[in-house]
Amino acid sequence: MENKLKLSPNSLAFIAMTNEYCHELENILDYDKDSFVARMLKLLPRIYISANDIELDISFSDYYIDSYLEEDAYNQVRNYVSQVMAEDDVYLDTFVDDMKYSDTPVASSVSENLADLYQEFFNFIASVKNAPTEVQQELLGLCKDNFKSYWSQTLCNALKALNKIYYNPDNI
């Protein structure tokens with residue numbers, strides 16, 4: 001009997017959620033701010049948990065996540081998010097590297113955080129969608145490594161800002 005390589009249910013869920021995330025941002029103009037923020041507050045924690053739970057014993061060989069997203073598409077997503085978020089797009093961030101060198105708070109934007117995640121997920125989905133299972137596992141491992149290195153903090157920063165907008169709209 002042949003031993004076929006399969007992705008774990010968590011890996012499949014992660015792929016599906018990152019794809020859903022990209023779809024949501026590509027269709028952001030279909031939502032008002034409140035419904036978009038509510039959707040992100042449901043999706044982002046699930047992506048975080050799923051990414052955190054990816055456990056693959058892989059050796060990073062010749063595989064990498066290609067860059068498929070063009071700068072114009074990134075800017076369009078960022079601009080659309082900014083448009084929907086309106087005055088709630090900018091927030092003060094304490095988890096920015098520049099903060100340790102600053103006497104004043106550093107401003108960040110929900111739109112840039114979400115567009116950065118979109119870029120990561122778009123490139124991941126484009127790389128993984130037609131790859132054989134063993135390559136998909138390698139790409140999942142690379143995405144998990146990127147999660148640990150930088151995009152987990154980006155997701156948490158966006159989530160914190162979105163949470164404040166949704167649950168404390170008068171105190172922004």
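**Figure 1. Glu-112, a partly exposed residue of helix α4.** In this predicted model, Glu-112 comes out as partly exposed, with a relative accessibility of 42%. Glu-112 belongs to helix α4. Setting aside residues up to four places away in sequence, Glu-112 touches Tyr-74 and Arg-78. Tyr-74 is 38 residues from Glu-112 along the chain, and their C-alpha atoms are separated by 9.4 Å.

**Figure 2. Helix α3 against helix α4.** Zooming out from Glu-112, here's the helix pair. Helix α3 covers residues 71–85 and helix α4 residues 110–128; the two pack at an angle of about 145°, and their axes are 8 Å apart. The crossing of α3 past α4 is right-handed. On the α3 side, the residues in the contact are Tyr-74, Val-77, Arg-78, Val-81, Ser-82 and Met-85. They meet Val-110, Ser-111, Glu-112, Leu-114, Ala-115, Asp-116, Tyr-118 and Gln-119 of α4. Sorted by type, the residues of this contact are eight nonpolar, three polar and three charged.

**Figure 3. Strand β1 and its partner β2.** Strand β1 (residues 90–93) is joined to strand β2 (residues 106–109) by four bridges, and the two run antiparallel. Which residues of β1 sit on the covered face, and which on the uncovered one? Tyr-91 and Asp-93 make up the covered face, while Val-90 and Leu-92 make up the uncovered one.

Figure 4. Lys-33, Glu-87 and Asp-88 are linked in a network of salt bridges. For the bridge from Lys-33 to Asp-88, the closest N and O atoms are 2.5 Å apart. This pair links distant parts of the chain, with Lys-33 in helix α2 and Asp-88 in the loop between α3 and β1, 55 residues apart. For the bridge from Lys-33 to Glu-87, the closest N and O atoms are 3.5 Å apart. Because Lys-33 lies in helix α2 and Glu-87 in the loop between α3 and β1, this pair ties together parts that are 54 residues apart in sequence. Which of the three count as buried, and which as exposed? Lys-33 counts as buried at 19% relative accessibility, and so does Asp-88 at 9%, whereas Glu-87 counts as exposed at 62%. The 19% of Lys-33 falls under the 20% cut-off for buried, which is why Lys-33 gets that label.

Figure 5. How many salt bridges does a search of the whole structure find? The search finds three, and one of them joins the side chains of Arg-39 and Glu-24, at 2.7 Å from N to O. Arg-39 sits in helix α2 (residues 33–52) and Glu-24 in helix α1 (residues 9–26), so the pair links distant parts of the chain, 15 residues apart. The two ends are a bit of a contrast. Glu-24 counts as buried, at 5% relative accessibility, whereas Arg-39 is partly exposed, with a relative accessible area of 36%. As for why such pairs form at all, side chains of opposite charge can pair when their charged atoms come close.

**Figure 6. Thr-154 in helix α5.** Thr-154 is part of helix α5, which spans residues 133–167. Is Thr-154 buried or exposed? Thr-154 counts as buried, at 15% relative accessibility. Leaving aside its neighbours within four places in sequence, Thr-154 is in contact with Asn-113, Asp-116 and Leu-117. Of these, Asp-116 has already turned up above, among the α4 residues that meet α3.

**Figure 7. Asn-19 and Ala-126.** Asn-19 has its place in helix α1 and counts as partly exposed, at 41% relative accessibility. How many residues lie between Asn-19 and Ala-126 in terms of separation along the sequence? They are 107 residues apart in sequence, yet 9.5 Å apart in space, C-alpha to C-alpha.

**Figure 8. The whole chain, for orientation.** The protein chain has five helices and two strands, and in sequence order they follow the pattern α-α-α-β-β-α-α. Of its 172 residues, 42% count as buried. Among contacts between residues at least 6 apart in sequence, 77% join residues at least 24 apart.

Technical notes
Residues numbered from 1 in each chain as written. Predicted model: local features only at pLDDT ≥ 70, side-chain atom pairs only at ≥ 80, totals over all residues. Heavy atoms only, no water. Axes fitted to C-alpha atoms, helices over the stretch in contact; angles between N-to-C directions. Left-handed = near helix turned anticlockwise from the far one by under 90°. Contact = heavy atoms within 4.5 Å. Nonpolar A, V, L, I, M, F, W, Y, C, P; charged D, E, K, R; others polar. Buried < 20%, exposed > 50% of the residue type's maximum accessible area, 1.4 Å probe, protein only. Pairing = 2+ DSSP bridges. Salt bridge = Lys/Arg side-chain N within 4 Å of Asp/Glu carboxyl O.
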